[in-house]
Amino acid sequence: MELNLLLPVPTSINKLYINEYQYQKNPVTKKPERVPTGRRILSTEGRKVKAQIQGRARVQLLEQPEWDYEWTKENFVYQDAVIYFARRGSDDNNIYKLLNDSLEGITYDNDSRVLVRTQRIVYDSKNPRIEVKITPVEFVGIFENKDVYDEFEAKCEFGGVKGCSKYRKGSCSILKDSIAGTVREEIGSIHNPICTAFKEKK
């Protein structure tokens, strides 16, 4: 499963937000005055580019029906980017806030499950753009990949002679937390997960 998008370069976070103002009547002069509300809102440029990103993403998503949006509700994804900046000196870290916010709810459910990786930065003053590739992660919870997870669960179910007494058809809280990505003290390093709470069934 893979999703490829060609999008406008998102507005830098340095230009993304502006202070919100509202008019209030001055109690002394009785004239309306422009005063800050304390809130930060998207700038005009930010709103424009966000709409462009969302519009193009929706069109390109229709051309790639194999993409499984529902899958992203429970799983992490890699978001690899090749960025064509208009000029040198631009910071890639500054553009991901708008990019992720724009794609949330369209290509993935929540950007908290997106792992951003800049693969290349090049320069094209005539056609700045960003190529985005979204793919599933390899890891499963704390486990490096599905093979490592399968091996770990096999030890829970079949380790020793009868397996672990805590396994209970996969309902072990240690195993469930590990699948959800929570590091438990019963597990050693995530780089070599071994459950110290293993207790063979009688």
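Some ground rules. Residues are numbered from 1 along each chain as its sequence is written, and side-chain values use heavy atoms, without hydrogens and water. Because the model is predicted, local features need pLDDT of at least 70 and side-chain atom pairs count only at pLDDT 80 or more, while totals for chains, interfaces and linings use all residues. Helices (H or I, at least four residues) and strands (E, at least two) are DSSP runs, numbered from the N terminus.

Start with the strands. Strand 4, residues 77–85, pairs with strand 5, residues 114–123. The pairing is parallel, over 9 bridges. Strands pair if DSSP finds at least two bridges between them. Take Tyr 84: its bridge partner in strand 5 is Val 122. Between strand 4 and strand 5 the chain passes through helix 2, residues 96–103. This β-α-β crossover is right-handed: with the strands pointing away from the viewer, the path from the first strand over the helix to the second runs clockwise.

Now helix 2 itself. Is it enclosed or open? Largely enclosed by the rest of the structure, because 6 of its 8 residues are buried. Buried means under 20% relative accessible area and exposed over 50%, with partly exposed in between, using a 1.4 Å probe and protein chains only. Tyr 96 and Leu 98 are among the buried residues. Their cover includes strand 1, helix 1, strand 4, strand 5 and strand 6. After helix 2 comes Gly 105, with a positive phi near 85 degrees.

Next, helix 3, residues 146–158. Its 13 residues should span 18 Å at 1.5 Å a residue, and its end C-alpha atoms are 18 Å apart, which agrees. The expected span is 1.5 Å times one less than the number of residues. Which residues of helix 3 are buried? Tyr 149, Phe 152, Glu 153 and Cys 156. They sit on the same side of helix 3, because their arc around the axis is only 95 degrees. That arc uses the directions from the helix axis to the C-beta atoms. Asp 147 and Phe 158 are exposed on the other side. The buried residues pack against helix 4, where contact means heavy atoms within 4.5 Å. At the N-terminal end, Asn 145 is the cap: a side-chain oxygen lies 3.1 Å from the backbone nitrogen of Asp 147. Gly 160 follows helix 3, and its phi is positive, near 65 degrees.

Last, Ser 43. It lies in the loop between strand 3 and helix 1. At 6% relative accessibility, Ser 43 counts as buried.

Technical notes
Polar contact = N/O pair within 3.5 Å; in protein donor to acceptor, adjacent residues only side chain to side chain.
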